[in-house]
Amino acid sequence: MPKPPDPPGPPDTLDTQGPPDTPGLLETPEGAGTPEPCRRGARRIPGALLVLLGCLPGLVSVLVLALSAGGAERPATAGLDRPVRLRTPVTHRAPRPHIVPRSVWLGTAGRVQPPPRYDDKVVAVFLHHTDSPSDYNCADAPEIIRRLYAGQTGVRNWDDIGYNFIVDRCGTIYEGRAGGTDRPVTGAHTQGFNHRTAGIAALGTFTAGVPVPRAMTDAIAALAAWKLGLAGIDPRASVRLVSSNSLSRYKQGTTATLPALAGHQAGFMTSCPGAALTARLPEIREKAARLQGRTATARLTAIP
């Protein structure tokens, strides 16, 4: 006679751990076949062993967490015997050229004026000419600048000379507006675009046909390279500036894309800095870029 089936054992407590209709440890979803331990004639696994098997995943998880925590507390030592190579950021700062302080040309002629104003940085330079005689003796440059100052603070009633710097025909650079040559002083040189810019004035008049001295253009390039380099600006780049005055070429509030080293006429309706000096601007930009140590490839993207 065939051996009668074994009596049913106690219900498997592991099957009751999940919500209703959730397969237990020894159950298989419908259609997946019968698991080996449940086939007729198969040997049963003792319940205590099943409990131990059910606990194994949890024990493994605890062991992994313990190993991970221990590893996190120990500093990594692999590779410390190898030298660490630090990557130095590329900078393009040109050396500061010699700048004659304003006290040399101003003397005791200064008037009481409000404290200087500042921007966060200088991202553009506007080039001007002073529209004064060009055949001067360079020793007379301080006197000429002093007369420019008197005209702007007198007839025009400005608080100071508008230009941040003045360059004479011999290449001497003079500090103009007060506030510190290495600081982003807000000037009064380009209506609508005095913020985040510096004004460099070439002492003289440089309309079409007037010779522009090499010493002057070299000094302008050196000054622009240094000043723009403080903010990492390529002198050949374009920058975005916001117009603050509708009397400029752009309505107030308009964002204009302009050369980082621009002539006055780029931001205002004028012929300044004169056709002869304007024609030298590409050469001045390239010279300034070389002084910053830049490659021959110009940066063409706009800078905020």
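This passage looks at salt bridges in a predicted model, and then at one residue in a strand.

Let's start with the count. The predicted model contains 10 salt bridges.

Take R177 and D159 to begin with. Their side chains form a salt bridge, with 2.9 Å from N to O. R177 belongs to the loop between β4 (173-175) and β5 (197-202), while D159 belongs to the loop between α3 (141-153) and β3 (165-167), so this pair ties together parts that are 18 residues apart in sequence. R177 has a relative accessible area of 6%, and because buried means under 20%, R177 is classed as buried. D159 comes out at 22% relative accessibility, so D159 counts as partly exposed.

Next up is the pairing of E286 with R236. Here the side chains meet in a salt bridge at 3.7 Å, again taken from N to O. On the accessibility side, E286 is partly exposed at 32%. R236, on the other hand, is buried, and its relative accessible area is 10%.

R280 is buried, with a relative accessible area of 16%, whereas E283 is partly exposed at 30%. Salt bridges can also share partners, and that's what happens with D234, R236, E286 and R294, which are joined into one network in this way. So the E286 and R236 pair described above belongs to that network, because both residues are among its members and their side chains meet in a salt bridge, as a nitrogen of Arg within 4 Å of a carboxyl oxygen of Glu.

Finally, what about a residue away from these charged pairs? F126 is part of strand β2 (residues 124-129). With a relative accessible area of 0%, F126 is buried, because the cut-off for that class is under 20%. F126 can also be placed relative to Y163: the two are 37 residues apart along the chain, and their C-alpha atoms are separated by 9.5 Å.

Methods
Residues numbered from 1 in each chain as written. Predicted model: local features only at pLDDT ≥ 70, side-chain atom pairs only at ≥ 80, totals over all residues. Heavy atoms only, no water. Helix = DSSP H or I, 4+ residues; strand = E, 2+ residues; numbered from the N terminus. Buried < 20%, exposed > 50% of the residue type's maximum accessible area, 1.4 Å probe, protein only.
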